[in-house]
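Subject: Structure handover

Hello,

Here is the structure I promised to pass on. Please open it first, then read the notes below it.

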Amino acid sequence: MLSTHPPPRPSSQRLPRSLERRPRAFLAEDDDDTRRMLELLLRLDGFDVVAARSGGELLDRLSTRLLAPVEIRDPVDRIVTDIQMPVLGGIDVVQGLRADGWNTPVILVTAFADRETRSIASSLRAALFEKPFDVSDFRTAAWHYARHGS
C-alpha cells in the first residue's frame, strides 16, 4: 500500500528554520495587561500564542484544538498560566492535564509564591515565576522548554 505522506527528510535536507512550524503556546491570564505583556513576549520570541482570560477558557481552547481532525490538529508545545484566576486556577488546570497524561511543558505565573505553591509547581513539573519577574528569565525558560521540554 502506498503512503500518502512524503518520506521523512534526512537531517541534511530539512526545511530552513524560517519555514519550520513555530512553537505554539497556550496562555491563560485574567489580568488584561499581564496577558498582553506575556503574549507579546512569546510572540516576539517566535511563538504562535492562543490566549485565554481564565482556566476554563484555556481548557475550552485546548479541547477545541484536540477535537479537530488529526490532519489539522494544532500541537500544544507550551502552557503558560496564572495560578490565581476566578473559577478555575492554573494549578487546577495543570493538575487535571497531568492526571490525563499530558506532559506539555508548563510555566506557572503568580503574585503569591509560598513554599506550598513552589512544592506544588515542582510536583507538577512546572516552572514557577513570581510577579514581578525578570522578563529575560521568563523568555529563557520559554525557549528552554521549546527545545528541551519539561
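Is Arg125 buried, partly exposed or exposed? Arg125 is partly exposed, because its relative accessible area is 39% (buried means under 20% relative accessible area, exposed over 50%, partly exposed in between, with a 1.4 Å probe and protein chains only).

Some ground rules. This is a predicted model, where local features need pLDDT of at least 70 and side-chain atom pairs count only at pLDDT 80 or more, while totals for chains, interfaces and linings use all residues. Residues are numbered from 1 along each chain as its sequence is written, and side-chain values use heavy atoms, with hydrogens and water left out. Helices (H or I, at least four residues) and strands (E, at least two) are DSSP runs, numbered from the N terminus.

Backbone points

Arg125 sits in the loop between helix H4 (115-123) and strand E5. Its phi is positive, about 55°, although Arg125 is not a glycine. Val87 also has a positive phi, about 70°, and is not a glycine either. Val87 lies in the loop between strand E3 (78-82) and helix H3 (90-99). Val87 counts as exposed because its relative accessibility is 88%.

There is a cis peptide bond too. It runs from Lys131 to Pro132, with omega near -10°. Pro132 is in the loop between strand E5 (126-130) and helix H5 (135-148).

Strands

Start with E4 (residues 106-110): 5 of its 5 residues are buried. In a regular strand, side chains alternate between the two faces of the sheet. Both faces of E4 are covered, with Val106, Leu108 and Thr110 on one side and Ile107 and Val109 on the other.

E3 and E4 run parallel and are joined by 4 bridges (two strands pair if DSSP finds at least two bridges between them). Thr81 has Leu108 in E4 as its bridge partner. From E3 the chain passes through H3 to E4, in a right-handed β-α-β crossover (right-handed if, with the strands pointing away from the viewer, the path from the first strand over the helix to the second runs clockwise).

On to E5. E4 and E5 pair in the parallel sense over 5 bridges. Val109 has Phe129 in E5 as its bridge partner. E4, H4 and E5 also make a right-handed β-α-β unit.

Aromatic pairs

How many aromatic pairs does a search of the whole structure find? The search finds 4 (rings of Phe, Tyr and Trp, its six-membered ring, pair if their centres lie within 6.5 Å; planes under 30 degrees apart count as stacked, over 60 as edge-to-face and the rest as tilted). Phe47 and Trp143 form a tilted pair, because their ring centres are 5.1 Å apart and their planes are at 40°. This pair links distant parts of the chain, 96 residues apart: Phe47 is in the loop between helix H1 (32-44) and strand E2 (48-52), and Trp143 is in helix H5. Phe47 is buried, at 0% relative accessibility.

Phe129 and Phe138 make an edge-to-face pair, 5.7 Å centre to centre and 75° between the planes. Both are buried. Phe129, Phe133 and Phe138 form one aromatic cluster.

Asp82 is in strand E3. Asp82 is buried, with a relative accessible area of 4%.

Leu62 is in helix H2 (residues 55-66). Leu62 is buried too, at 2%.

Best wishes
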